[in-house]
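This report describes selected features of backbone geometry, sheet architecture and helix packing. The sequence and the structure are shown first, and the description follows.

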Amino acid sequence: MFLLPFQMVGCSHETSPADVVGRIQMRPPVVLQHLGTLRERGVAAVLLSTCHRTELYWWGDEELAPWFESAALPAVGSRMTLERRDADLAVRHLFSVTAGMRSARYGEPEVQGQMRAAWIAARAAHVTNTLIDAVFRQAIEAARHIRLAIGDDADPALGARVREAIDARRGEMASPARLLVVGSGDAARGVLEALTASRASTPMPWLVTVTSRTDERAQRIANAFAASAVPWAERHAALHSADVIVFAAHATSPLVSSETAREITAHRQTPALWLDLGVPHNVEASDLPDTVEWVGIDTLAPQSRQNHARDRRANGALQRELARFAVAMHRRKVGARLSLLEERAVSAARAALAAGGDMRAPGDSADLLARQVTRLLLREFSALSA
């Protein structure tokens, strides 16, 4: 369809074990550091890093796969498999990822926001150009249309899954229920959005608290959702008293070992529900005390089952969006050539006037006349080419 100098390389849950991909996930300061390196190299790029995929998209002919593997990724052994896409296949990959078609939970809405945030971060770091901006702008717009085609067959958002799991055990909890969210990133925000939406309709109010390894981030997200923040240094007391704990932090190793879990819940009389959204897990799930019901993300939000009708609709919408993108890029290319042609036509008109010896009209008037005539003709040609 189109041979653009647009490329991607990355690692995702589709080709590598989930725990490997989770350990590769980069925190925002690390992403900014890598974007700075790419800016110094003069590369226009966007770096996406989530718990399920870390991918680099860039514009240009430079080969960045070796840099991505050696500089951007830690040593995780041979269990990691890189994906590589070029030109139209890279564009297709970007569109399908942004629409949630490549997610473990088909059509999930979170990845669209993550892709947008990655693009905005790259723009703020001055690592993009107008061409790669056009690709990402179209990808985000395309994701909206593809999700409409998927419709109700999309998997519920992770926050909705958490809300369902809590509601299913509502009768076993005290009122009001004490709920603790561990983390302050996208997953924690999604959970808090879902719980805040349900809190107005449920007869049992939640007492929501948030804790994070960065106290400032925990306070900001707590303020955004009318919750209270707990300092990280006081997290064990909060873990002990909470009826429901949602672990939604990015960590390369468990935040709570089974030994710590036993110590925290040693004197607890009522059961606690621990929902672990971490990839890899935030809690060491082996040998937990009987008072703790631990539910991992694989149980909470299992991978989608195949749905042929849904997949046909989504793929049809994807093809339409790729066709729209091809037309837009063609128009951008034609527009650039028309501007160049206009400049050449003006130069030719001025040269003709000078050669004819008719210098009675000022240069500005000659330019204006030439441009008017040229634009009129070029608009006709442009309409025909469209």
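## Basis of the description

Helices (H or I, at least four residues) and strands (E, at least two) are DSSP runs, numbered from the N terminus. The model is predicted, and local features need pLDDT of at least 70, side-chain atom pairs count only at pLDDT 80 or more, and totals for chains, interfaces and linings use all residues. Residues are numbered from 1 along each chain as its sequence is written, and side-chain values use heavy atoms, with hydrogens and water left out.

## Positive phi angles

Most residues other than glycine have a negative phi. His-126, in the loop between helix 5 (110–124) and helix 6 (130–150), has a positive phi near 60° and is not a glycine. Ala-87 also is not a glycine, and its phi is positive at about 55°; this residue belongs to helix 4 (residues 87–98).

Accessibility is classed by relative accessible area: buried means under 20%, exposed over 50%, and partly exposed in between (1.4 Å probe, protein chains only). Ala-87 counts as buried because its relative accessibility is 11%. His-126 has a relative accessibility of 64% and therefore counts as exposed.

## The sheet

Two strands are taken to pair if DSSP finds at least two bridges between them. Four strands make up an open sheet with antiparallel pairing, in the order 2-3-1-4. Strand 2 (44–49) and strand 4 (83–86) are the edge strands, each pairing on one side only. From one strand to the next, the twist averages 10°, where axes are lines fitted to C-alpha atoms, for helices over the stretch in contact, and angles run from 0 to 180 degrees between N-to-C directions.

Strand 1 (residues 6–12) and strand 3 (residues 53–59) run antiparallel and are joined by seven bridges. Opposite Phe-6 stands Trp-59 of strand 3.

## Helices on the sheet

Contact here means heavy atoms within 4.5 Å. Helix 4 lies across strand 1, strand 3 and strand 4, and runs at about 115° to strand 4. Helix 6 packs on the sheet as well, touching strand 1, strand 2 and strand 3, and its direction makes about 135° with that of strand 3.

Leu-89 is a further residue of helix 4. Its relative accessible area is 48%, so Leu-89 is partly exposed. The C-alpha atoms of Leu-89 and Gln-7 are separated by 8.5 Å, although the two residues are 82 residues apart along the chain.
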